[in-house]
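This report looks at aromatic pairs and a surface patch. The structure comes first, then the details.

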Amino acid sequence: TTAMWPTPQKLHNEIKFLTGYYSSVINGKSGQIFYVVDSISFESMDQQEFSTFFDAAMEVLANRLGVDPMELLE
C-alpha cells in the first residue's frame with residue numbers, strides 16, 4: 001500500500017479507469033451516472049487488446065510515479 005493507492009485493487013481500478021477501460025451506467029430512476037471498470041481478464045480481451053492496455057497502463061504509471069515502472073522491476 002502507498003499514500004497514492006491504499007490497496008492493490010484501488011491501483012488496479014484507477015489504472016483501468018484512466019486507460020478508458022470502464023463503462024457508464026445510468027440509474028434509470030435518478031438519472032445519476034456511475035462508472036464501472038471493465039474486466040481485463042484474458043477471457044475478456046485478446047492479446048492485441050491486452051498489449052494496448054498494458055502499454056497505456058505503463059504510461060499512466062510513469063506519469064503518476066515520475067519514473068518508468070519497468071525500471072522498478074529490475
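Predicted model: local features only at pLDDT ≥ 70, side-chain atom pairs only at ≥ 80, totals over all residues.

Phe-17 counts as partly exposed, because its relative accessibility is 36%. Tyr-35 is also in the partly exposed class, at 47% relative accessibility.

A search of the whole structure gives seven aromatic pairs. Phe-17 and Tyr-35 make one of them: their ring centres lie 6.0 Å apart and their planes meet at 75 degrees, so the pair is edge-to-face.

## A nonpolar surface patch

Phe-17 and Tyr-35 also belong to a nonpolar patch on the surface.

Three elements each supply at least two patch residues: helix H1 (8-18), strand E1 (22-26) and strand E2 (33-37). Leu-18 lies in helix H1. Leu-18 has a relative accessible area of 46%, so the residue is partly exposed.

## The aromatic cluster

Ring pairs also link a cluster of Tyr-21, Phe-42, Phe-50, Phe-53 and Phe-54.

How are the rings of Phe-50 and Phe-53 arranged? Their centres are 6.1 Å apart and their planes stand at 50 degrees, so the pair is tilted. Both residues lie in helix H2 (residues 47-65). They are three residues apart there, so about one helical turn separates them. Phe-53 is buried, because its relative accessible area is 5%, under the 20% cut-off.

Key
Residues numbered from 1 in each chain as written. Heavy atoms only, no water. Patch = residues over 30% accessible without salt bridge, like charges linked within 9 Å, V, L, I, M, F, W, Y side chains within 5 Å. Areas by Shrake-Rupley, 256 points an atom, 1.4 Å probe, with all protein chains shown as cover. Salt bridge = Lys/Arg side-chain N within 4 Å of Asp/Glu carboxyl O. Helix = DSSP H or I, 4+ residues; strand = E, 2+ residues; numbered from the N terminus. Buried < 20%, exposed > 50% of the residue type's maximum accessible area, 1.4 Å probe, protein only. Phe/Tyr/Trp six-rings, centres within 6.5 Å; stacked < 30°, edge-to-face > 60°.
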